[in-house]
Amino acid sequence: MEETKKEESTLEDGVLPLLPLRGVTAFPGVVLNFEVERPISITALNAALNNGQDVFLVSQLDSATMMPEPQDMYDVGTVCSVRQVLRMPGTNMVRVMVEGLCRARIRAIREQKPFYLVEVEQLETGPVRTSGVKREALVRHCVSLFEEYANVAGIMVPERFLRMIGSDDMGRVADFVAQHVLSDHQQKQMVLEELRPVRRIELVNRLVRQEINIQNLEKDLDEGARQEMDRATRDYYLREQMKLIRQELGEGENEGVDEFDDYRMRVSALGLEPEIEKKLLKEVERLSRQPFGSSEGALLRNYLDVCLELPWNTRTKDTVNVQKARAVLDEDHYGMEKVKDRIVEFLAVRQLAPDMRGGVICLVGPPGVGKTSVAMSIARATNRKLCRISLGGVHDEAEIRGHRKTYIGAMPGRIVAALQQAGSLNPVMVLDEIDKLGSDYRGDPSAALLEALDGEQNGSFRDHFLEIPIDLRDVLFITTANTLDTVPRALLDRMEVIQLGSYTDEEKLQIAREHLLPKQRKKHGLTAARLRISDDAIRELIAEYTRESGVRVLERQIAALCRKAARNLAEGEGKSVSVRAGQVEKFLGPAKYKDSRLYPKDEVGLVRGLAWTSVGGEVLDVEAGVMEGTGKLDLTGNLGDVMKESARAAVTYIRTRSRALGIDPEFYKNKDIHIHFPEGAVPKDGPSAGITITIAVISALTGIPARRDVAMTGEISLRGRVMPIGGLREKTMAALRTGIHNVIIPAENERDLEEIDPLVRKALNFITTDHVDKILDVALTRRPEPALELPEQENVKNSPPPLALPELEERGRPGLRQ
């Protein structure tokens, strides 16, 4: 028997407003209630009502999509008539009642804004090729499953469904059951898209049976949980009754006597101070009075467990062999003499005075110079346990001091947790990135560190969680920072600061050869015989592929060489790889950096200065140009306020010395001066370019070329005094890399020459000066001639004597000395 049925439809022109549904599916012949609040849906609904049209309802693929695109919706939906619209007062929400008419598919989208207007085609129900007996059996089975589901889920069977029990329309029965039983909109969409009634009702029967099984399983789980709660309640009352019976019989105080005695024994075995022991025993007594399963009892157990796990009287024995400790430090790190000497001094004092307490050392330096790793080496050299606390981004005081134990999930602060992790009261505690602490409404963690790092107060450090004092005097605190600018003054006052400067190229060579290269060979499965990198190749790596203070990027470049070598060996291109100078480009590509070199000739108004950056020193060119004008001073190159003030101070000094320098005294009226610092995208600031700016302007105004083989640094005053600067070590290394061998520095910085690397100090000629006039004949190709009308008094009083130094054998220039 074959029968074809067509669902009723009111489609006239086939163009209807589309209303996308989230997690809801409409079926023909079924009344559906839902809420609409999205503007695109409300606009479509209003258009349908105003034009007396039906509306096309289609489900979204993802219910979370707020503004669905065409690809976010199914193609098959239901044409529905709007039965009722109720606007909710005080909201933008509309409650809608619709009745499904027929299945339809989107043929084309006419409009997308302000709502979807689509052209749809009605989908006809497929033929029914089955006997009447089988149809009746399928319908009865579906009805039976629905009634079973209603009984399990505890819902009322809709009256409308009761009228359908005797129906032989399999498709309509399947649609009704799917609408009221299935919760997954994807399963509903599968039923909606099935046009064959027999297949549709069979699919619904399978899905309803699956829902019944899920409901039964949920019911069993709920029953199990309820029984478990009843059992716990029953056990609680029985234990309370047993407690009362034992108290009446005098056989014991309570069931948990063994647990509490264990706590008391563990507290007594620690040998604590009387105050601390009394506090812990009091908490044990409070725990013994708590009812079974109480939240307060869980908090007390957690508190006692944390306190008993702390290493109250556990300390490691320090290394007393100073030579052995120094050997360990030398094995792990190259250079860093100040840090190593400080640790050796600490151990030497401990050897002579065993009662010497710990200290607080702050290692300050640019990234990648080994601050954290040397702190870890200190722990190995002193034979102490190591615990590390990263403070970067910490902005809550509770991170340091902990939370009160009354809070749910409370825990001790990071310092106490570090001691617990180390298992010792005298570890090396590394407080990493202390300069990156934050603060907000939750407190200032740097203020919480004041007590911990103060040797006079940390003998009784109190954590909010513990509420009992703990001795931190034996802890050796080592903090690390990239800069001291963001460290609070009170905190900085408690630390012994050791500056770690940038590595020289020679130091980087030694570190790469002795540490980085063997480490990367081992990591990449290579041996020294299979990968050889010459010292010149490493120097090429340092100079042309890295620009940093430390060695992190250098290590990554060496790792890249190891990977290239491993690939060559794996592809059978040879049994070993050797990298020499000039071959690095073949492995790593073109050089990333090129050091500036000496200019081919001396030029007017172009002077080479020295600058400090976070990744080392740089040679900073200063260009000055003079034009006919009205006395304007232009400063370009992305300069900060301090550098601009240095330029104005230099011009003022030149005005006061114009006649002595052979410069037109009216130049500030009839000349425009432009001072430029190349690489304008790089911000620049600081006072140390004052002397460089002064020489550049003097050269531009007098027309005397500045020497290209001389670099200088120093702050300038209005009277021409050259004042001290910082970063001399990094600046001199930059001069050496550029090929400059003559460096002018302030006289007060002469004492800093001892800190400069011996190789750099030997290669450079340093000129110290306290006044600009003394180095004019050194910085320029010749000394400016005074103006003829210069009064004798001004010449005598204001001009300091020039430098009287022997001529250099190499360059034949006066005023230079090594």
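Visitor: Is phenylalanine 667 buried or exposed in this structure?

Guide: In this predicted model, phenylalanine 667 has 1% relative accessibility, so the residue counts as buried. The cut-off behind that reading is that buried means under 20% relative accessible area. Tyrosine 668 has 29% relative accessibility and therefore counts as partly exposed.

Visitor: How many aromatic pairs does a search of the whole structure find, and how is such a pair described?

Guide: A pair of aromatic rings is described by the distance of the centres and the angle of the planes. The search finds 2 aromatic pairs. In one of them, the rings of tyrosine 303 and phenylalanine 465 have centres 5.8 Å apart and planes at 55 degrees, so the pair is tilted. Tyrosine 303 belongs to helix H9, whereas phenylalanine 465 sits in the loop between strand E12 (461-462) and strand E13 (469-470), so the pair ties together parts that are 162 residues apart in sequence. Tyrosine 303 is buried, at a relative accessible area of 0%, and phenylalanine 465 is buried as well, at 1%. The rings of phenylalanine 667 and tyrosine 668 have centres 6.2 Å apart and planes at 90 degrees, so this pair is edge-to-face.

Visitor: Which residues of the largest nonpolar core touch the most other members?

Guide: The general idea is that in soluble globular proteins, nonpolar side chains tend to be buried together. Here the largest nonpolar core has 52 residues, and those touching the most other members are Leu280, Ile415, Met429, Ile434, Leu449, Leu453 and Met495. Helix H9 (residues 295-309) contributes the largest share of this core, 6 residues. Another core, of 49 residues, lies apart from it and includes Leu329, Ile343, Leu569 and Val579.

Visitor: With which residues is leucine 453 in contact, leaving aside its neighbours within four places in sequence?

Guide: Leucine 453 is in contact with Val360, Leu431, Ile434, Asn458, Phe477, Leu491, Arg494 and Met495.

Visitor: Which residues of helix H18 are buried, and what covers them?

Guide: An α-helix has 3.6 residues a turn, so residues three or four places apart point the same way. In helix H18 (residues 535-545), the buried residues are Ala537, Ile538, Glu540, Leu541, Ile542 and Tyr545. Their cover includes helix H17 (505-523), strand E16 (531-533), helix H19 (552-570), strand E17 (577-579) and helix H20 (584-588).

Visitor: Helix H19 also holds arginine 556. Is arginine 556 exposed or buried?

Guide: Arginine 556 has 53% relative accessibility and so counts as exposed. From C-alpha to C-alpha, arginine 556 and alanine 417 are 34 Å apart in space, while 139 residues separate them in sequence.

Visitor: What is the volume of the largest pocket, and which residues are closest to its centre?

Guide: The largest pocket has a volume of about 1200 Å³. It is lined by 36 residues, and Gln499, Leu500, Gly501, Arg729 and Glu730 are the closest to its centre. Helix H11 (337-352) and helix H24 (728-738) are the elements that give two or more residues to this lining. By class, the lining has 14 nonpolar, 11 polar and 11 charged residues.

Visitor: Which residues lie nearest the centre of the second largest pocket?

Guide: They are Ala611, Thr613, Glu618, Val619 and Leu620, out of 33 lining residues. This pocket has a volume of about 730 Å³. Strand E18 (606-613), strand E19 (616-628) and H24 each supply at least two residues of the lining.

Visitor: How many cavities of 30 Å³ or more are there?

Guide: The count comes to 2. The second largest cavity has a volume of about 40 Å³, and its lining has 6 nonpolar, 5 polar and no charged residues. Strand E4 (55-59), strand E5 (76-87) and helix H5 (185-193) each supply at least two residues of that lining.

Visitor: Where is there a cis peptide bond, and which residues other than glycine have a positive phi?

Guide: Most residues other than glycine have a negative phi, and most peptide bonds are trans. A cis peptide bond joins lysine 113 and proline 114, with omega about 5 degrees. Proline 114 lies in the loop between strand E6 (94-111) and strand E7 (116-122). Asparagine 383 has a positive phi of about 60 degrees and is placed in the loop between helix H12 (371-382) and strand E10 (386-390). Asparagine 638 has a positive phi near 60 degrees, and its place is in the loop between strand E20 (633-636) and helix H21 (641-656).

How values were computed: Residues numbered from 1 in each chain as written. Predicted model: local features only at pLDDT ≥ 70, side-chain atom pairs only at ≥ 80, totals over all residues. Heavy atoms only, no water. Buried < 20%, exposed > 50% of the residue type's maximum accessible area, 1.4 Å probe, protein only. Helix = DSSP H or I, 4+ residues; strand = E, 2+ residues; numbered from the N terminus. Contact = heavy atoms within 4.5 Å. 1 Å grid on protein atoms, 1.4 Å probe; cavity = no way out; pocket = protein on both sides within 12 Å on 5 of 7 lines; lining within 4 Å. Points joined across faces, edges and corners; volume = space filled by probe spheres on them. Nonpolar A, V, L, I, M, F, W, Y, C, P; charged D, E, K, R; others polar. Core = buried A, V, L, I, M, F, W, Y, C linked by side-chain atoms within 4.5 Å. Phe/Tyr/Trp six-rings, centres within 6.5 Å; stacked < 30°, edge-to-face > 60°.
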